[in-house]
Amino acid sequence: MARYEPPGGRGPHPRGTAPPRQLPPPDPAVRQRALAGFALGLLSLIGLMLGLGNLRRGIVVAVVMLVFAVVAIWLGVTANRRARRTGTARPRWAVGGVVLGGLGVAFSALWLMVLLVFWPQLNSYYNCMAGANTVTAQQACQNQFTSSVGGEMSVLQNGRLPAERAAGR
């Protein structure tokens, strides 16, 4: 059912209040800064998805994508600040650049922490899989990786090595 509207129309604002002030569009330099931030934030996420297949390349990719994400956040925030300072509307892509940059920072930092903690296990797993020519050998590599990561997780949870627990230290 259609809503009744008086012949003159009510407009987007309630009666008795002034219509909201329309801000002028941001400067082209501010818009370009916001768009560059969005593009770098998006690139940081795409780079992480595509570049982590190789372990050694994944380290470099994660560091570079972390830098891209930080720059994306910086560009988005500074575009918003410049628009606010000049009294213009917020650039269209600025918030998206900050959000995507934040996601890029989070995922890059998480991947780098995983590499830091599980480097020996991941390195051993990648080397084992490189030499595994059969499904059985690949399954053995996966089982070895699972048990070694499980051992590392127990060390991280308990804070002591299994030999230290057996000795009662």
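**View 1. Threonine 88 sits in the loop between α2 and α3.** Helices here are DSSP runs of H or I, at least four residues, and strands are runs of E, at least two, numbered from the N terminus. The model is predicted: local features need pLDDT of at least 70, side-chain atom pairs count only at pLDDT 80 or more, and totals for chains, interfaces and linings use all residues. Residues are numbered from 1 along each chain as its sequence is written, and side-chain values use heavy atoms, with hydrogens and water left out. Threonine 88 is buried, at a relative accessible area of 12%. Buried means under 20% relative accessible area, exposed over 50%, partly exposed in between (1.4 Å probe, protein chains only). Its side chain makes a polar contact with the side chain of threonine 86, at 3.2 Å. Such a contact is a pair of N or O atoms within 3.5 Å; within protein, one must be able to donate a hydrogen and the other to accept it, and residues adjacent in sequence count only if both atoms are side-chain atoms. Leaving aside neighbours within four places in sequence, threonine 88 is in contact (heavy atoms within 4.5 Å) with Leu23, Pro24, Pro25, Pro26 and Ala83.

**View 2. Helix α2 runs for 32 residues and ends ahead of a glycine.** From first C-alpha to last, α2 reaches 46 Å, close to the 46 Å expected at 1.5 Å a residue. The expected span is 1.5 Å times one less than the number of residues. Glycine 87 follows α2, with a positive phi near 75°.

**View 3. The largest nonpolar core has 10 residues.** A nonpolar core is a set of buried Ala, Val, Leu, Ile, Met, Phe, Trp, Tyr and Cys residues joined through side-chain atoms within 4.5 Å. Its members are Leu48, Leu55, Val61, Ala62, Met65, Trp111, Leu115, Phe118, Leu122 and Val149. Beyond four places in sequence, leucine 115 is in contact with Leu55, Ile59 and Leu122. A second, separate core of 5 residues includes Val30, Ala34, Ala79 and Ala83.

**View 4. Cysteine 128 and cysteine 141 form a disulfide.** A search of the whole structure finds 1 disulfide (cysteine sulfur atoms within 2.5 Å). The sulfur atoms lie 1.8 Å apart. The S-S torsion is about -80°, so the disulfide is left-handed. Cysteine 128 lies in α3 and cysteine 141 in α4 (residues 135-158), so the pair ties together parts 13 residues apart in sequence. Cysteine 128 is partly exposed, at 24% relative accessible area, whereas cysteine 141 is buried, at 2%.
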